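Walk through this structure with me.

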Amino acid sequence: MAIDVKGVLSPLSAIGTLFEHPKTITYPAVKKDIPLGYRGFHINNLETCIGCASCEEVCMNDAIDMVHPDIEYNIKNTSGCVPRIDYGRCCWCSLCTDVCPPDSLKLDNICTHADSNPDNFLYMPKNHKSIGEEVS
Amino acid sequence: MKNDLENTIKIFHGPQHPGITGNMSVELDLLGETIKRAQTHVGYLHRGFEKLVERRTVVQAFTIVCRICVPEPDPNEENFARAVENLTGLEISEKAKYIRTMVLEMQRLATMFLWMGGQAGSIGLGLIPQWSVCDRDYMLDLFEELTGGRVYHMYAFPGGVRRDLPEGFLSRLSDLLDYYEKRIIVYNNTFFDNIIFKKRAIGVGIVNADDVIKNAYVGQVMRGCGIKKDVRKDMPYLMYDKLDFDIPVQSDGDVYARALVRRDEMLQSIKILRQIIKQMPSEGDILQKIPKHRKFKLPADDTYVQTESARGAMSYYMAGDGSEKIRRMQVRGPSLVHAYTLLEKLLVDSQLSDVAMTMNSLGICPPEIER
Ligand code: SF4
Ligand code: SF4
């Protein structure tokens, strides 16, 4: 029976990769760049949120509760409530941000959260004007 | 046969087993190392997608269909979007069609890399999965940029797509295709031409063309035994009739033939993507205006759509009843027939060590069985 010389020798070409640069990054010293459009945590510009609850209505996972914020941010917010997200239920589909009439609710590109307290997964979106720009 | 079965021992291959293609198990009756009977079991992952979509509005149901196949969500999104568009008469722009075709081909490449890892891992070639999963991740990086998600893209929407292409996206895709072309040569040397893979895969898991026709097997199982059929050519959708590509086939019908078909399909996907990059219109609506989600109603009608996924034809039947909810949605993917009718038959008289390899070559995805 003839020996398949190519079949024996060609896999050995993998040895060449020993001399290549590694493709992995040394996390956490080097962090991966996450693009701006990534669907991560919610942010909400509370000065423009009108408390209409469209976001709560469209969310098929019942992940949004409308709650009273500690202070009044927008006098045009007739219900006086803003959305709070349950990250035990959210699937980051972004439908809530699509339907938001004043476009105040958005998804940030920050997406890491670790906490031993389950209550902290009931998340109040940060008060941002837009992605990456925090309201002081 | 009766005597054989009396002396067998029973082994469950899965659901907790690295060689199983997801949450399912195969119950094997073994005589020594030889399989005398194989029985597929599912039920470890009941998600009931078809029933879930009946309780949601069209807009809400859209977020769930991508979960029907984790490694390959986009053909499901495409089918869902196209079925709703057929029912409501929504016309999508040429640009949206090109983007959706591009996403489907990007997904095909990503799925093939994941398959390659599973296929090589199933015979102990541990280096290939490390490489191919890394190469797939480069595609997921592009998906992350385009859609906002790595795995569940939730991007193709009835009426078009949800976002426009980011700045410079097509040139980054083109660079990745250059890289993939080089990588496929490397995989050819280390995996497809590898004598270990050939010795293990040639002559194992043979499917013949008559069985394919009788049982409606699809994808590489069908093309691996010489049947040149592909939904993209036979019932062209989106922009496939404007693109030049071939349907690779092999004639032996075994695990190795199916692997070669997949390799050649990767090259064809690269060819298609290069044409899309050239032809992509710069202008055009991304998403047609659609009614608000409580007002988005499906007429009392039904439709049937098909998309060629990386594992074979994926079909949806959808019926509306005049309300904002879907009356019925039926999903038909490659997994059910491949995991039951085909796998159970192929494994009889094969070796225990071949189970994972044969299963991997069939493109089985359990959530699609328990849809
Ligand atoms: S992203 Fe989706 S699941 Fe999450 S809160 Fe918004 S609508 Fe609900
Ligand atoms: S976030 Fe948007 S949709 Fe939700 S209550 Fe505020 S304004 Fe309405």
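The paragraphs below treat strands, sulfur atoms and salt bridges in turn.

This is a predicted model, in which local features need pLDDT of at least 70, side-chain atom pairs count only at pLDDT 80 or more, and totals for chains, interfaces and linings use all residues. Residues are numbered from 1 along each chain as its sequence is written, chains are lettered from A and ligands numbered from 1 in the order in which they are written, and side-chain values use heavy atoms, with hydrogens and water left out.

Start in chain B. Three strands make an open, antiparallel sheet there, in the order E6-E7-E8. Helices (H or I, at least four residues) and strands (E, at least two) are DSSP runs, numbered from the N terminus. Two strands pair if DSSP finds at least two bridges between them. The edges are E6 (302-309) and E8 (326-332) of chain B, each pairing on one side only. Neighbouring strands are turned by 15° against each other on average, direction ignored. Axes are lines fitted to C-alpha atoms, for helices over the stretch in contact, and angles run from 0 to 180 degrees between N-to-C directions.

E6(B) pairs with E7 (residues 312-320) of chain B over 8 bridges, in the antiparallel sense. B:Thr307 stands opposite B:Met314 in E7(B). Helix H4 (residues 74-88) of chain B lies across E6, E7 and E8 of chain B, at about 150° to E6(B). Contact means heavy atoms within 4.5 Å.

Now the cysteines. How many disulfides are there over all chains? The search finds 0, a disulfide being a pair of cysteine sulfur atoms within 2.5 Å. The sulfur of B:Cys66 is 7.6 Å from the closest cysteine sulfur, in A:Cys91, which is too far for a bond. B:Cys66 is buried, at 0% relative accessible area. Buried means under 20%, exposed over 50%, partly exposed in between (1.4 Å probe, protein chains only).

Charged pairs come next. The count is 40 salt bridges over all chains, each a side-chain nitrogen of Lys or Arg within 4 Å of a carboxyl oxygen of Asp or Glu. B:Glu54 and B:Lys51 form one, with the closest N and O atoms 3.0 Å apart. Both lie in helix H2 (residues 49-54) of chain B, 3 residues apart, about one turn of the helix.

Other pairs join separate helices. B:Glu145 and B:Arg172 meet at 2.3 Å, N to O. B:Glu145 lies in H6 (residues 127-147) of chain B and B:Arg172 in H7 (residues 169-192) of chain B, so the pair ties together parts 27 residues apart in sequence. B:Asp178 forms a salt bridge with B:Arg274 at 2.7 Å.
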